[in-house]
Amino acid sequence: MAGTLTVSAKASPFPFAAVVTAAYTQNAQVVYDEAAFGLTLELDGSTITTESDAVNALAKAGGLAEDSAKTPSYFALAKSLVSSSAVPDIQASLNSLDDYLTYRTFLVGHDVTAADFIVWGALRGNIKIVGFLKNNQHQHVLRWYNHLESLESTQAALAGLAEAKAHKARANQKTAS
Amino acid sequence: PDVRELVLGAAKAGGVDFGKSEKDKAEVVEWVENVAQGSAVKAESLKDLDAKLVPRTYVVSNYPTVADVALYGALHSTFSQLQPTQYYAHPAVTRYFDHIQSIPPVRKSADALSPAFSHIAFDFTNAPAIE
């Protein structure tokens, strides 16, 4: 573990992409700190405070496939989707992702890259989009989404988040009594 | 074309599994037997296979196994004869086939048996919109 990623379990939107990329690349340990504001990645002597930079740095350090010309457009898509609640926009983005993923296993090349994690994280953190996906109108996006969610590293990261939330709930109970 | 050689070569190259759990191992065996039996990979069965592959990235669990190599190998002769309109009609099998053929140990094994499992190039940029 070269680095440390500090986040708050109650962050909203929660930086799913950063936490899951840290787990996948095993390049940073995730530390939950309730008092943390935003996100802080300490990696190889540098301090990073935005999720997109954190995902890029972790992916690079983890040796994930290098950026393609399309990667920045996926980061832009993730940024617009993460807090989008406009149904037509969400539908249009999911339709376009679905067309692309009809014939492609991942967003860039034939392996998981930063583009997959940043877009997956944006979808995962948007309850409206998760609802849309559950309707199964975008079966190719769903296949890709479920694959990333099912990875052992993703499952471990989500379990860590659940544990941090439970810990916080117990701590609150203690204060109340 | 010798699918068995292809599978053994890919397994030897590493990165493809026989199944990480007992349950996965049993499923791998089931797929391999099904593929060896032959009917699943005929052109007329592609529709059924396509439906099975829509929700899957790999046939067993979420990582590549020898079942994927066997299925890819068995599909190769069918795919080498498909016209674009035919593979566009089976997008999930095509996506799956293209992914498995690109996995490094599979590619390595396939190239060693050249020209039997030559890389097949697909044109996805000009694929017609679905529905």
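Around the buried residues of helix α5 of chain A, the covering elements include α1 (16-25), α2 (51-61), α3 (71-81), α6 (127-134) and α7 of chain A. The model is a predicted one, and in it α5(A), which spans residues 114-124, is mostly covered, with eleven of its eleven residues buried.

**The covered helix**
- The buried residues of α5(A) include A:Phe117, A:Ile118, A:Val119, A:Trp120 and A:Leu123.
- Among the buried residues of this helix there are also A:Asp116, A:Gly121 and A:Arg124.
- Helix α7 of chain A is one of the elements that cover the buried residues of α5(A), and α7(A) returns below as a part of the side that touches chain B.

**Where chain A meets chain B**
- Eleven residues of chain A are in contact with 14 residues of chain B.
- On the side of chain A that touches chain B, α4 (87-102) and α7 (139-150) each supply at least two residues, and α7(A) gives the most, with four residues.
- Sorted by class, this side of chain A holds two nonpolar, six polar and three charged residues.

**An exposed residue**
- A:Glu152 belongs to helix α8 of chain A, which covers residues 152-176.
- A:Glu152 counts as exposed because it has 12 C-beta neighbours inside 10 Å, and a residue is called exposed when that number is 12 or fewer.
- Although A:Glu152 and A:Tyr24 are 128 residues apart along the chain, their C-alpha atoms are separated by 8.4 Å.

How values were computed. Residues numbered from 1 in each chain as written. Chains lettered and ligands numbered in written order. Predicted model: local features only at pLDDT ≥ 70, side-chain atom pairs only at ≥ 80, totals over all residues. Contact = placed C-beta atoms within 7 Å. Nonpolar A, V, L, I, M, F, W, Y, C, P; charged D, E, K, R; others polar. Buried ≥ 20, exposed ≤ 12 C-beta atoms within 10 Å, placed from the backbone.
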